[in-house]
Amino acid sequence: MKETTTLNLQVDPLVKEQAEKVFSQLGMPLSTAVNLFLNQVRLTGKLPFEVALPKAPPSVNAEVMSGEELLQKLRRSLEKVEAGNYKPAAEVFSSFMESHGYEAL
């Protein structure tokens with residue numbers, strides 16, 4: 001039998017559980033998936049997927065808006081806040097985390 005080594009990793013338990021479900025559907029245990037990942041890194045000398053910041057859609061990306069577009073959006077947002085049409089950030093984040101299977105803040 002080929003010699004092996006043990007890895008001790010700290011990962012979010014929910015992420016591990018969800019990933020194991022996917023790997024199970026693919027017919028492989030987590031250890032095989034980790035070996036697959038590490039072999040791809042070894043063979044290619046890079047991560048086997050792109051790592052990048054998500055791009056904001058143009059409708060909310062201030063970098064691609066004209067000054068006038070940005071001012072219009074800011075004015076509309078301010079009008080909504082002044083009319084009481086808003087939610088506290090903590091409530092929005094908590095709802096987002098719960099809807100994506102993460103523990104609330």
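Here is a short tour of this chain, stop by stop.

This is a predicted model, in which local features need pLDDT of at least 70, side-chain atom pairs count only at pLDDT 80 or more, and totals for chains, interfaces and linings use all residues. Residues are numbered from 1 along each chain as its sequence is written, and side-chain values use heavy atoms, with hydrogens and water left out.

Start by selecting the whole chain. Its C-alpha trace spans about 70 × 30 × 25 Å along the principal axes. The radius of gyration is 22 Å, while a compact globule of 105 residues would be near 13 Å (taken over C-alpha atoms; the globule rule is 2.2 Å times the number of residues to the power 0.38).

Now colour by secondary structure. You will find four helices and zero strands (DSSP runs: helices are H or I with at least four residues, strands E with at least two, numbered from the N terminus).

Next, select residues 67–82. This is helix H3, with 16 residues, reaching 22 Å from first C-alpha to last, close to the 22 Å expected at 1.5 Å a residue (the expected span is 1.5 Å times one less than the number of residues). Step on to Gly84, which follows H3 and has a positive phi near 80 degrees.

Finally, select Leu9, in the segment before helix H1 (13–25). Is Leu9 buried or exposed? Leu9 is exposed, because its relative accessible area is 58% (buried means under 20%, exposed over 50%, partly exposed in between, with a 1.4 Å probe and protein chains only). Across the chain, 4% of the 105 residues count as buried.
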